[in-house]
Amino acid sequence: MKKMGPYPPYYKANDGQIIISGRSVESIVKEAGSTPLFIYSREILSKKMDELRDAMPESLDIHYAMKANSYKPVLEHMNTLVDGFDLASGGELDLAIEAGVDPHNMSFAGPGKRDAELEKAIKAGVTLNVESPTEADRMIAIAARLGMKAKAALRVNPSFDLKGSGMKMGGGAKQFGMDEELIAPTAKKIIESGNIWCGFHIYAGSQSLSAEAIIETQSNTFELAARLANEIGIAPEKVNLGGGFGIPYFPKETPIDINAIGAAMDEILSDLPSILQNTKFCIELGRYLVGEAGIYVTTIVDRKISHEETFLVVDGGLHHQLAASGNFGTVIRRNYPIAVAHKFDENGYKEEKSEIVNVVGCLCTPLDMLGDKVLLPETYVGDAIILFCAGAYGASASPSNFLGHGQAIETLI
């Protein structure tokens, strides 16, 4: 048997049924008509934001990184909760505008922005997080052709990284942002061209569960922002401190201490260097805000035995949940939290009442493994299997067209 990750604390059992926002999963599936199905909860999204607001300094803005989940109803709800949106393509810009987000509250990062995307962002009034001196040159030229002023922050590739992060975005040779020595010359070029330099975007890593590591990184980020601002000679209007707040997916992982992070942030903000006294600061979070607010529901279509192992074959798979299959950046495959929709126990299953099974998807590849030797109650064809922590990097980050199976249904309740 291989252990699975912890169940998020927002889901309870009622006579064995998983309850999400007061409703059983089975009733939601019936309403949707079929599986595979992503279910997202307004209640949990709002609760996560409330918890974060309570922990962070009042003056700190919170931005939503929409790459985590770009489902339109989720974007519309998040727009009522956060101070800004961070996007990473022209397509995401279109989605955010369709969801009613004010372009002046958007910032646009990404190492390969095409000219058409730069033009679209300049016309809309979106802040561009410029990733290289040559991207700055292209932005300046496009703004001049349009007779407009571009709004630009500079994305910094810091010399430090976020220790223990799942994906490191700084601390060495990276495709993201500019090395520190390029920042001041590029900022001065933007200012001299008549465009608007807004500040910095400094993102060192993601998916950390260590408050100490994030506190250290944020302290380094404030120091770096002050030093770069002094080199430029102008105070930045805004500094995006990045994010990195993780959620527990795997065995032995525990939630990050956001109260400790908030207290450390408050201490830094109360004693800022003079050049940052009037600067507005924000953090950028995606997974932390939406990951635990979603579940993925898939139905067993076959049950088979091979070499004395039980395989539950479901109608979903890695084409919707690439990360849960272990094929989205993890080195060693580990099990996400999994449950049976109508036999749920938030305290975990007892071995004498359960069986060890492999939960596999419907794709013709051995990579399509959603649960490797997990302990579940005895389960049969037609039963619904739940994967938790599916609100981030599920539908938005999986190859839904692989083998022609198509997209899953999504719903926000």
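User: Before we start on helix pairs, what counts as roughly parallel?
Analyst: Angles under 35 degrees count as roughly parallel, over 145 as roughly antiparallel, 65 to 115 as roughly perpendicular, and the rest as oblique. Axes are lines fitted to C-alpha atoms, for helices over the stretch in contact, and angles run from 0 to 180 degrees between N-to-C directions.

User: And what kind of model is this?
Analyst: This is a predicted model, where local features need pLDDT of at least 70, side-chain atom pairs count only at pLDDT 80 or more, and totals for chains, interfaces and linings use all residues. Residues are numbered from 1 along each chain as its sequence is written, and side-chain values use heavy atoms, with hydrogens and water left out.

User: OK, how do helix 4 and helix 5 cross?
Analyst: At roughly 30°, with the axes of helix 4 (residues 90–98) and helix 5 (residues 115–124) coming within 9 Å. The two helices are therefore roughly parallel to each other. Helices (H or I, at least four residues) and strands (E, at least two) are DSSP runs, numbered from the N terminus.

User: Which residues make the contact?
Analyst: G90, L93 and D94 from helix 4, and E117, K120 and A121 from helix 5. Contact means heavy atoms within 4.5 Å. By class, that contact has two nonpolar, one polar and three charged residues. Ala, Val, Leu, Ile, Met, Phe, Trp, Tyr, Cys and Pro count as nonpolar, Asp, Glu, Lys and Arg as charged, and the others, Gly among them, as polar.

User: Now helix 6 and helix 7. What's the angle there?
Analyst: Roughly 5°, and the axes of helix 6 (residues 133–146) and helix 7 (residues 180–192) come within 10 Å. So helix 6 and helix 7 are roughly parallel to each other. Helix 6 contributes P133, A136, D137, M139 and I140, while helix 7 brings L182, T186, K189 and I190. This contact splits into six nonpolar, one polar and two charged residues.

User: Switching to helix 9. Where are its buried residues?
Analyst: They are I258, I261, G262, A264, M265 and L269. Seen down the axis they fall within an arc of 165°, so they line one face of helix 9. The arc is that of the directions from the helix axis to the C-beta atoms.

User: What do they pack against?
Analyst: Helix 2 (42–55), helix 8 (211–232), strand 15 (280–285) and helix 10 (287–290). The face of helix 9 turned away from the buried side carries exposed N259 and E267.

User: Last one: D372, buried or exposed?
Analyst: D372 is buried, with a relative accessible area of 12%. D372 is in strand 20 (residues 369–377). Apart from neighbours within four places in sequence, D372 contacts K2, R333, N335, V357 and N358.

Note on methods: Buried means under 20% relative accessible area, exposed over 50%, partly exposed in between (1.4 Å probe, protein chains only).
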